[in-house]
Amino acid sequence: MSRADEIYLEIAKQILENGFEHKVEGAWYASDGGEVIVKKLGRPVVMQFDLQQEFPILTSKYVPWKKFRDEIYWIMIMQSNDVRELHAMDIRFWDEWMGEDFTIGKAYGVQVKKFKQLDRLIGKIMNNPNDRGMIIQLWNEEDLPHMNIRPCAFMTMWDVTDGYLNCSLIQRSGDWGLGIPFNFGQYAMLVHMVAQVTNLKPGVLTHYINNAHIYDRHYDMIREQLNRPTFAAPEFQINKEVKNIYDFKPEDLQIVGYKGKHAGMLQMEMATVINPHKQVQN
Ligand SMILES: Nc1nc(=O)c2c([nH]1)NC[C@@H]1CN(c3ccc(C(=O)N[C@@H](CCC(=O)O)C(=O)O)cc3)CN21
Ligand SMILES: O=c1ccn([C@H]2C[C@H](O)[C@@H](COP(=O)(O)O)O2)c(=O)[nH]1
């Protein structure tokens, strides 16, 4: 069992057993427009992964890691909001939030680029590793009306101690079935990338989720997952030659020996949730 399975499945069980159910306003299922019921835990959760120990990925189901890798690459390295670039990487699950201009509006990558947030973070890590304001912040009140979706994993806070790079990922809302297994894996990859170009070792990834929830159409699959066999965590590999963050290519990040393949995927339908802050443009 990977450490990620252990932590993730325990919280999944808690949500199913002790969670609070409600209808999600302004949400529907893509296939039939059906109403969306969700069960939320009702208190925040914190998961902690020591990246020196193992790479955080589930083995109780197959998580398509190339997709979460390419998604974080699109947000943080390409700093893009253009969904066509995701299509080029064979990713379709952002289409529900694509506007007529083929973008997701001023969300995610746009906010990284607008304030050169990645460059500034790396500058701080290199020049003053004890800085206590090493933050990437995607939540921007001014631009919220122009985002097709509000950022969920909206902030990272960074720390350098004793040659290790630590990262806290702050998430306001976490879809336990679909989003969460992507989020901790992709941010673990980002920590590995930033650590390499700042000559640090990847340290601890702390993942805070304020509202952790399971959608009704995922209940049965997650119950099944709780009873599945698990395996040891696979190995993460990174191209050690890369010295500049923008020189990374997605292929420079690989997962090898991933036994989740044997477990197989769990087909879960995605609920489409709209941004209630969105300004409707004519
Ligand atoms: N309801 C909801 N949940 C999310 O997790 C989510 C959103 N909406 N909207 C924006 C993004 C899109 N994300 C998604 C959406 C779908 C999958 C998904 O369907 N994952 C499948 C594999 C899909 C594939 O191979 O293409 C999985 O089994 O993990 C994952 C992340 C995360 N975010
Ligand atoms: O990276 C992500 C992006 C999205 N999600 C989930 C969390 C929620 O289930 C929906 C968004 O709906 P809101 O009403 O805006 O919270 O998408 C995720 O888990 N991870």
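## Helices α2 and α6

In this predicted model, helix α2 (residues 65-77) packs against helix α6 (residues 179-197) at an angle of about 60°, and the two axes are 9 Å apart. Axes here are lines fitted to C-alpha atoms, for helices over the stretch in contact, and angles run from 0 to 180 degrees between N-to-C directions. Helices (H or I, at least four residues) and strands (E, at least two) are DSSP runs numbered from the N terminus. α2 and α6 are therefore oblique to each other; angles under 35 degrees count as roughly parallel, over 145 as roughly antiparallel, 65 to 115 as roughly perpendicular, and the rest as oblique. The crossing of α2 past α6 is right-handed. A crossing is right-handed if the near helix is turned clockwise from the far one by less than a right angle, and left-handed if anticlockwise.

On the α2 side, the contact (heavy atoms within 4.5 Å) is made by Trp 65, Lys 67, Phe 68, Arg 69, Glu 71, Ile 72, Met 76 and Ile 77. On the α6 side, Pro 181, Phe 182, Gly 185, Gln 186, Tyr 187, Met 189, Leu 190 and Met 193 take part. These residues divide into eleven nonpolar, two polar and three charged. In this division Ala, Val, Leu, Ile, Met, Phe, Trp, Tyr, Cys and Pro count as nonpolar, Asp, Glu, Lys and Arg as charged, and the others, Gly among them, as polar.

Gln 186 is found in helix α6 and counts as buried, at 3% relative accessibility. Buried means under 20% relative accessible area, exposed over 50%, and partly exposed in between (1.4 Å probe, protein chains only). With neighbours within four places in sequence left aside, Gln 186 is in contact with Phe 68, Glu 71 and Ile 72.

The side chain of Gln 186 makes a polar contact of 2.9 Å with the side chain of Glu 71. A polar atom of the Gln 186 side chain also lies 3.0 Å from the backbone oxygen of Phe 68. A polar contact is a pair of N or O atoms within 3.5 Å; within protein, one must be able to donate a hydrogen and the other to accept it, and residues adjacent in sequence count only if both atoms are side-chain atoms.

## Helices α1 and α7

Helix α1 (residues 3-18) and helix α7 (residues 219-226) pack at an angle of about 135°, with axes 10 Å apart. That angle makes α1 oblique to α7. The two helices cross in a left-handed sense.

From α1, Tyr 8, Leu 9, Ala 12, Lys 13 and Leu 16 meet Tyr 219, Ile 222, Arg 223, Gln 225 and Leu 226 of α7. The residues of this contact comprise seven nonpolar, one polar and two charged.

Ser 2 lies in the segment before α1 and is buried, with a relative accessible area of 0%. Apart from neighbours within four places in sequence, Ser 2 is in contact with Glu 54, Ile 57, Leu 58, Thr 59, Phe 231 and Ala 233.

Gly 105 is found in the loop between α3 (83-88) and α4 (109-114), and at 14% relative accessibility Gly 105 counts as buried. Its contacts, again leaving aside neighbours within four places in sequence, are Asn 81, Val 110, His 146 and Asn 148. Gly 105 and Ile 149 are 44 residues apart in sequence, and their C-alpha atoms are 8.2 Å apart.

Thr 161 is found in strand β5 (residues 153-161) and counts as partly exposed, at 42% relative accessibility. The side chains of Thr 161 and Asp 159 are joined by a polar contact of 2.8 Å. Thr 161 and Gln 254 are 93 residues apart in sequence and 26 Å apart in space, C-alpha to C-alpha.

Asp 90, in the loop between α3 and α4, has a phi near 70°, a positive value in a residue other than glycine. Asp 90 is exposed, with a relative accessible area of 53%. Asn 199 is placed in the loop between α6 and β7 (201-215) and has a positive phi of about 55° although it is not a glycine. At 65% relative accessibility, Asn 199 counts as exposed.

## Conventions

Residues are numbered from 1 along each chain as its sequence is written, and chains are lettered from A and ligands numbered from 1 in the order in which they are written. Local features need pLDDT of at least 70, side-chain atom pairs count only at pLDDT 80 or more, and totals for chains, interfaces and linings use all residues, while side-chain values use heavy atoms, with hydrogens and water left out.
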